[in-house]
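Hello,

Here is the structure we talked about handing over. Have a look at it first, and then read on for what turned up.

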Amino acid sequence: MYLKVIIVSFVVLLLGALIGFLGFPLLFQELVKRSINLKPGSESRQLWQQLPFPMIFKIYVFNVSNPEQVEAGDKPKLEEVGPLVFEEWKDKFNVQDIEAEDAVSFNMRNTFQLRSDLGLSGQQLITMPHPLLQFMAMANLGQPHETQAAVAMGLELIFKPSSAFVTATFMELFFEGIWVNCDQEHPAAQAICQQFQAGAVPGAGNHTNAGNFKVARSRSKGSTVGRVLQFNGADELQVWQDTNTSSCNRLRGTDATIFAPFMRPQQGLWSYSAQLCRSLSPTWMGRTSYKQLPAQRYELNFGSPRLEANLSCYCTSYPDDCPADGTMDLLRCSGSPLIASLPHFYQADPKLLDDVEGLSPSKDKHASILIFEQLSGTVLSVYNRLQFSLKVSPVQHVRVLSQLRSLAMPLFWIEESLQLDEKFTAVLHKKIFGVLNKNNLFRWLAIGLGSLGCALGGLFLHLRRNDAKRVGVEEDKIEA
């Protein structure tokens, strides 16, 4: 009898260990991976196609308080103004499923709704580098002398500039636009106005179209759900100068609105940013928690193209002409002389801070942070922060720009944030961690009961055998 108890207990123990530690985790992982896909009708497809709640989008602008002195070659004095707060609704349109490739193509759109109750009204006056005059003049500094002279003539005819700066309201600068007199017949002026109309000069705007993506709908050989397969019809970018040690044109990761489940930190959280013409992966900073859910913390850093071989293709001419540490030159990407970095040049070359006054980088305010739940591939919280600066150089052909210092002039920075509330985290806890907790209870209960059964069975079997030996000895004594 006791031997049977030991055998049954050992089987229970073994099953608890095999199912609890091996069988169920593998089955659970497979079921989660299958359930998260972008096929029509799936729950994840609905959330991916149109986010049911808005992100909060904030803009902070740097007001230049000494524009006349800056024109004469002095250091800029900046005052941060903001935030201008919007609800940002993300959706995808022109969605087409490609069954043969198990893929889906779409265009991504952002729609902004002003929330003046959460920030500024947008009617505040801001003085900043003229976003048409300076951008166009400096974007052509690398062109032949004749081209620069023609651009300078066209800018003079259009703007008749008396200052390198413009004073306008928040909304005019970022959404409504600045009035430009393009009623000029000179070819140089007409060429510039055509570029304005084509959107060569960046700015914010409603219903912004980020481009056409093609992504994988589900997990398959060599691919994960949401992985970008093509952007604007191309398998890779034609923007950067790839080298033997780097491949900046490669499309890596997702469109940042979905991530595959069970992503390990060493794999990185890669996503493609059309705004930066670049695939990015934030750095894993360690484990954390969010509303009682275990999570992983990631932070973005642009790195050092001069020192990191895999980033050398972001240099104009490696190693002599590379972006400063912690920054990215966007001229090849957008055609505008812009520099991307974290706000206030956080984690960037200290010289950038020395070139201007009024910046104060802080990890709490300016780090770009993502809190990620890796089992379900869910972004629990994100603070996506990015600063845009103008790469300023003196332009001899334009009088008001001829004495400017060479520096990176901060223009504005944005914060795109989202924090899942307890309603969503409760669902996640129930579907993922509730199931895992039940498995934990089962396996430890089975192991505990099996171990106890084996121990008690062994103990009673041992005692029974001892009793049998004692009885046998006593019978021998009696016979003797």
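**Strands, core and rings**

Strand 1 and strand 2 (residues 78-98) pair in the antiparallel sense over 9 bridges; strands here are DSSP E runs of at least two residues and helices are H or I runs of at least four, numbered from the N terminus, and two strands pair if DSSP finds at least two bridges between them. This is a predicted model, in which local features need pLDDT of at least 70, side-chain atom pairs count only at pLDDT 80 or more, and totals for chains, interfaces and linings use all residues. Residues are numbered from 1 along each chain as its sequence is written, and side-chain values use heavy atoms, leaving out hydrogens and water.

Within that pairing, Val 64 stands opposite Leu 78. Strand 1 also runs antiparallel to strand 16, with 6 bridges joining them, and Ile 59 stands opposite Ile 414 there. Of the 10 residues of strand 1 (residues 55-64), 8 are buried (under 20% relative accessible area with a 1.4 Å probe, protein chains only; over 50% is exposed, in between is partly exposed).

Met 128, in strand 4 (residues 125-129), is buried at a relative accessible area of 6%. Beyond its neighbours within four places in sequence, Met 128 is in contact (heavy atoms within 4.5 Å) with residues including Val 61, Phe 62 and Leu 411. Phe 62 is 66 residues away along the chain, yet the two C-alpha atoms are separated by 7.2 Å.

There are 15 aromatic pairs (Phe, Tyr or Trp rings, the six-membered one for Trp, with centres within 6.5 Å; planes under 30 degrees apart are stacked, over 60 edge-to-face, the rest tilted). Phe 174 and Phe 412 are edge-to-face, at 5.0 Å centre to centre and 85° between the planes.

Best wishes
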